Amino acid sequence: MKAGFYGEVVLNNLEPSAENFEAEFIAGLKKDPKILPCKFFYDENGSRLFDQICELDEYYLTRTETKILRDNIGEIASWCGRECILVELGSGQSSKTRLLLDQLESPVAYVPIDISRPHLIRAAEALNGDYYPLEILPICADYNCPLSLPAPERNPKRKVVFFPGSTIGNFEPLEAVEFLKRIGTWCVAGDGLLIGVDLQKHRQILDGAYNDSRGVTAAFNLNLLRRANRELGANFVLDQFRHRAFYDEGKGRIEMRLISESEQNVFVGKEKIGFRKGEFITTEYSYKYTIEGFSDLARAAGWQSERVWSDENRLFSVHYFSRKPEELYG
Ligand code: AVI
C-alpha cells in the first residue's frame, strides 16, 4: 500500500456469477444467427488486451477522446461543478478520470463501476490517497443490471455520470435509450452525463481500427473462446476461428465476428454446438453516431444536450448532458 493511503478501498462486490456467463453464453450460441454479449470480453486477460487496443495507432478512439478531454478540461470541469460525485461506468484503468479529478473543484466522491474485479481494485487503489479527501467507492458489477449507488460521507451538490470510451456504441440504439433512461433513475434534475461517443467516418479508418495490423483486436475477440474453454469447460480450437470486423455503413456500426474455419462441433459443458464452415458468431456491435443523432437519442432518454466537444478531424465527440426535470420527459 502506498504512503498517504486514505483508509482501505472497500469494494462493493456485485460481480456476476459464473452461472450467468454459462447460461448467456450457451443461449447466444443456440441463436440463429449466433450472437454473444460483448460484456463477456472483459475477464482479466480481455481487459488487459483491451488496454493494449487503446494504445494502438490504428485505434484512434482513446487518444482522440483523451485529447478532447485534455484540451477542454477547464470547461468540462465547470459543467460538472463544485463538490460533485463522479460515477464512472466501465472505469477500467481510470486513466481519463485523473484528467477530470485533477481539475474538478472539491469533488466529494468517485464511484468507479467495472465488471473486471482485479482491474477495478488496481485502479481504485492507484487513485486512493492521490486525491485525499476524495472518497473512493468502487463497485464490481455489470452496470447493465440494476444497482444502487453507495452514499458518500459528504453530501454532493451534483451527480455526474462519466461514461467515456464510446462504450455506449456497444449497445443497440434502442437499448442505448433504455440504458440512458436507467442511468437517469440514479439522477435528479440538473445532474450531469459526460459521455464519449465515436463519430461516423470513412470506412477505411474504421476497418483499420477494428482489424489492427498487430492482431491485438483478433486476440481480444478470440479470448472470448479461450475464456469459455477455461471457465465453462468448452473445447473451442482457437485456430479454427478467425476474427473479422467490418463496417456496415447503412447501420452505422462495426460488426465484430468470429468465423468458423471449418464445419465443426464444439462442446460447451454438455451442450453440443454445431458450426458450418464460414458460419460466424457476432461478438460485438460498435455503433458510430453523428453529433445530432446521438443528441436526439439522449433526448429520448430524458437528457438535454448542453455542450459538445470534438477534435479537429471530427473523429470523436464528448457530450455533456443535463438531466431534464421529470415533467419534461415523463
Ligand atoms: C469498449 N468499446 C467501446 C470498444 C469499441 O471500440 O467498441 C471495444 C472494442 N472492440 C474492439 N476494439 C475495441
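How many salt bridges does the rule find across the interface of domain 1 and domain 2? The count across that interface is 3 salt bridges. The structure is a predicted model, and the values below are computed from it.

The domain assignment divides the protein into domain 1 (17-56 + 205-287) and domain 2 (60-201 + 289-328). The contact between them involves 20 residues from domain 1 and 22 residues from domain 2. Taken over C-alpha atoms, the centres of domain 1 and domain 2 lie 27 Å apart. Together the two domains bury about 1,700 Å² between them, and carbon and sulfur atoms carry 52% of that area. On the domain 1 side, the residues that lose the most area to domain 2 are Lys39, Glu44 and Tyr287, which together make up 34% of what that side buries.

**Salt bridges**

By the rule used here, the model holds 26 salt bridges. Side chains of opposite charge can pair when their charged atoms come close.

| Lys96 | Glu65 | 2.7 Å |

Lys96 and Glu65 form a salt bridge with their closest N and O atoms 2.7 Å apart. Lys96 belongs to helix 5 (residues 95-103) and Glu65 to helix 3 (residues 60-71), so this pair ties together parts that are 31 residues apart in sequence.

**The second largest pocket**

The second largest pocket has a volume of about 410 Å³. Its lining comprises 24 residues, of which Glu15, Pro16, Ser17, Ile115 and Arg227 are the closest to the pocket centre. Helix 1 (18-30), helix 6 (117-127) and helix 9 (216-232) are the elements that each give two or more residues to this lining. Helix 1 gives the most, with 4 residues. Sorted by class, the lining has 12 nonpolar, 3 polar and 9 charged residues. Both domains take part: the lining draws at least three residues from each of domain 1 (17-56 + 205-287) and domain 2 (60-201 + 289-328).

Pro33 sits in the loop between helix 1 and strand 2 (34-35). Pro133 is located in the loop between helix 6 and strand 5 (135-136).

Glu83 occupies the loop between helix 4 (73-80) and strand 3 (84-89).

Conventions. Residues numbered from 1 in each chain as written. Predicted model: local features only at pLDDT ≥ 70, side-chain atom pairs only at ≥ 80, totals over all residues. Heavy atoms only, no water. 1 Å grid on protein atoms, 1.4 Å probe; cavity = no way out; pocket = protein on both sides within 12 Å on 5 of 7 lines; lining within 4 Å. Points joined across faces, edges and corners; volume = space filled by probe spheres on them. Nonpolar A, V, L, I, M, F, W, Y, C, P; charged D, E, K, R; others polar. Domains from an automatic or database assignment. Contact = heavy atoms within 4.5 Å. Buried area = accessible area lost by both parts, 1.4 Å probe. Salt bridge = Lys/Arg side-chain N within 4 Å of Asp/Glu carboxyl O.
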